[in-house]
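Visitor: I would like to know how the words used for a structure follow from its values. Could we go through them one at a time?

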Amino acid sequence: MSQIKISNLQKHFGAFQALKGIDLMVEEGTLLALLGPSGCGKSTTLQLLAGFETPSAGEIRVNDRLISSAQGVVPPEKRDISLVFQNYAVWPHKTVAENVAFGLQIRKTPRAVLEEKLGKALKTVHLDHLADRYPSELSGGQQQRVALARALIVEPSILLLDEPLSNLDAHLREEMRFEIRQVHDLLGLTTVYVTHDQGEALVTANQIAVMNGGSVQQLGTPREIFERPANAFVAAFIGSNNVIQGQLAREGALRFGRTELAGLQRGRGTVGDPFALCIRPSKVRVVAPGEASGNVLPGQVIRTAYLGEYCDVLVDVGHGVSVRAFTPPSLDFSVDQPVLLHLPTEDCQLLEPAQRVTS
Amino acid sequence: MGVTVHASSPAAVADELKNHRPWVRWGVVSAVLVALFFLVAQPLGWILYNSFHDDQTQALTVGNYLRLFTAKGLLQPLINSIVLAFSTALLSTLLGVPLAWFVARTNMPGRSWIRLLTLAAFVTPSFIGALGWILLAAPNAGWLNGLFRAATGSASPLMNIYSMGGAIFVCAIYTVPYTFTIVASALDEMAVELEDAATTLGAGVLRTMMSVTIPMVMPAVIVGFILSFIQGMTLFGVPAFLLTPSGTAVVTTKLAEFYQLFPPEIYMAAAYCMPLILLTGGLFWVRKKILGRKRFVMIGGKSRAGRKVDLKAWRWPALAFALIVPVTAVLLPYFALVVVSLSKAWGQGPSLDNLTLHWYQWAVLDNPATQSAIVNSLAYASVSATLCVLLGTLIAYIVERRLVSGTSFIASLTNFPIIIPGIVLSVGFFAAYTQPPLNLYGTAAILVAAFVATFLPIAFSNGEATLKGISPDLERVARILGASEARTFSSITVPLMRSGLVSGWLLVFIPVMRELSVAVFLITPKTNVMTTLIYNYKDGGNYEAVAAASVLLLVGTMAVVAIAQWVNVKLARHKRDRAEAEVVQ
């Protein structure tokens, strides 16, 4: 069991700064998800944690033991960390059993102990009947389980997962999310899970670090991240919030063109600062004139898609901003139709714009 | 503000991490660099150093270079070489490009046989081909000339292989496989859709060919031309056999002459290598530019099995044309060599009472010189191929996985011998390792080292290609499970590379077996190999013995290739059978 402490971690690749000094504390037994779009620095963070890269500055400590700094790194094999790769990296020239047992052979585990642990590990991931197969004869999901069993059999103090589900089909992915969660709860391993899929992060993690442009935008529980995003980037990335850019008109209100939109003030700023209003599409309502007062924006329908449970309607509200609204499927809209959008004040969050945080 | 307490002081931090410095990696990289220094940098450095010294006085001078341009006897071989190389490349392109088109794109009969026989020309050492052609077309005793005289009653021969024309012809038929393979694979890889697009726009067959097909394969044609040109420039055996008897010298045979002088003009020879290096280096640079600018081989399409152009009645003339290379480069010379090797005296021509196995018995059982040459050839080729693949794979691993910075320097040093003609490398190794402190003259080591250096680029690029197909994650996962870098390399990377390593081994073994020019200055009677033995026996005029030795060389090479392939297939099948057996259970 281990606690990971990352301080001011930076990584440059030539002129490109992949990590701009991140600080993270992963408490013992936590499952932390590093969530962000591609190029946000989440995979670089994982490579640094695994010891494949040397940081440009900052350090990583596990239980106060320094394992990475700009002066050098403890090599991967001496870290007591396991990693499950995105492409599984199951060795094609070894059978399932040989793959899983490899870590124990390296540790010169006595034969009897090895056999016992191997049997147990294969059973845990439901692969005991496939022990002598070669990977080419396994499905993607089974290869995934081999990779997981291989990583867990060495009883690491930390488990790293690099987009472990992204190569699986949608159905299997759903199932494996819960399985990973289950394995984590069973073993209580400190785990870092890299993903770009917010659904995966919300299901599996205790803690989520949302990353963008090489820095951590917000660290919090899934609920905190989803319900109280720290800035417009997090809001837009999680729950695909609408982001309406404007200026702070006063405490609790955004100036958007000639309209003032009221909302809950989350970010800090002085009047006149660039600010953003965020609202989830499911909270946006299309109303008839006079049906609602305050926070009403006129606009024109750009496109509409019928999705069965609801309609996804995109509305141009002027000033180059469009707003998505999920409307009841019974309502029918046509392109170019003028509509009124109501943004309920209690669902609007006023946040600092993403640019200010990411730059 | 309180005092910040650090868990450990900076000095202690440095110490902790220092314990994990990758010593093994540094050790291996240093060993590789040392090997590259001795195999590449040192011999070439000596050539450069020697070229600026006088043979008589040992003084520093540019006199050798001045002589190169002023002395008449020295400029002429250079011109001859260029004439030979240019004509070879031209003829090889004129033969190879239509051949490639017929095989890849038309319904000419016997396409796969033509492909196979053209590749057989590829593995035949050209100097053995030249021997075959001496038997066929020597002005007096050559069989074809004999037939011609008997048929026409003419007193003069049909052709004289001991001429520039003869040398160009033999060089060309053995370089056609280069132009053929490159152009054929470009045609194979070219998407038929690109041609279809032109056809649907209303272009006819001819128009499509002129505006799409030919421009698309043009880079391949040029690269093929360049490679043939380099072959023509750097071949030693063919001009030594076909041009030296008539007193015509080319650069490579002139280089050998410097060593036969007494005292040998070794420093002059070094300077004489320079135009050759500059020319081949420049041509390789042009080739790289062409390949880099237009990635023509990458233009892929889904449908590989393209429609074939229907040649109709032209199929048979096309086949006749396509047979030129297989007949002249493989069937005729092989036939001549085999028949002569089984003859008591080849001048009597092929007949039953002339038949004997004497020369094989002589070569294998009676003659210690051929016996030791056979053993040497097989031993040196095996050892060189093994060392070369070992070193090439290690370098490929270091470069491909970027284990250290400056890998591009290591890669270019490794690839450098590719632009060095074999005979020049021979000069370099002679200069570097036949004098104290490193006097290896007369040992097997100097030959093996020269072979390793010559074919290192092949082993390296083969290793690189194999490694590119292996995801680094497969290695990383072993590291993270606790395996050291060395252990990961041996138990993950090497097994995954297995079939690539076997083919790399063969890619080195085959050319070492047939290599003449690299060995030519480095052998002594004790370390003679088959090729140098054949070269020396030919001077003695004993063609029956030479033919028998040549046939033995060809058969021996093919036997080893067959065994290695068989082992590789067997290993792969064994693995698959085991897997299948377990699936069935």
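Guide: Start with a cut-off: a residue is buried when its relative accessible area is under 20%. The model here is a predicted one.

Visitor: Which residues of α5(A) are called buried?

Guide: The buried residues of α5(A) are Leu172(A), Met176(A), Arg177(A), Glu179(A), Ile180(A), Arg181(A), Val183(A) and His184(A). Each of them is called buried because its relative accessible area is under 20%.

Visitor: What do the buried residues of α5(A) pack against?

Guide: In chain A, they pack against the helices α4 (140-152) and α6 (198-204), and against the strands β3 (31-35), β8 (158-162) and β9 (190-195). A contact here means heavy atoms within 4.5 Å.

Visitor: What comes just after α5(A)?

Guide: Gly188(A) does, with a positive phi of about 60°.

Visitor: What makes up the secondary structure of chain A, and what makes up that of chain B?

Guide: Chain A has nine helices and 22 strands. Chain B has 24 helices and two strands.

Visitor: How do you know whether the radius of gyration of chain B agrees with that of a compact globule?

Guide: For 585 residues, a compact globule would have a radius of gyration near 25 Å. Chain B has 27 Å, which agrees, so the conclusion is that the value fits the rule. Along the principal axes, the C-alpha atoms of chain B fill a box of roughly 115 × 75 × 55 Å. For chain A the box is roughly 80 × 50 × 35 Å.

Visitor: How much of each chain counts as buried?

Guide: In chain B, 51% of the 585 residues count as buried. In chain A, buried residues make up 53% of 359.

Visitor: What share of the accessible surface belongs to carbon and sulfur atoms?

Guide: Chain A has an accessible surface of about 15300 Å², and 50% of it belongs to these atoms. Chain B exposes about 26400 Å², with 69% supplied by carbon and sulfur.

Definitions and conventions. Residues are numbered from 1 along each chain as its sequence is written. Chains are lettered from A and ligands numbered from 1 in the order in which they are written. This is a predicted model: local features need pLDDT of at least 70, side-chain atom pairs count only at pLDDT 80 or more; totals for chains, interfaces and linings use all residues. Side-chain values use heavy atoms; hydrogens and water are left out. Helices (H or I, at least four residues) and strands (E, at least two) are DSSP runs, numbered from the N terminus. The radius of gyration is taken over C-alpha atoms; the globule rule is 2.2 Å times the number of residues to the power 0.38. Buried means under 20% relative accessible area, exposed over 50%, partly exposed in between (1.4 Å probe, protein chains only). Accessible areas come from the Shrake-Rupley method with a 1.4 Å probe; for residues, only the protein chains shown count as cover.
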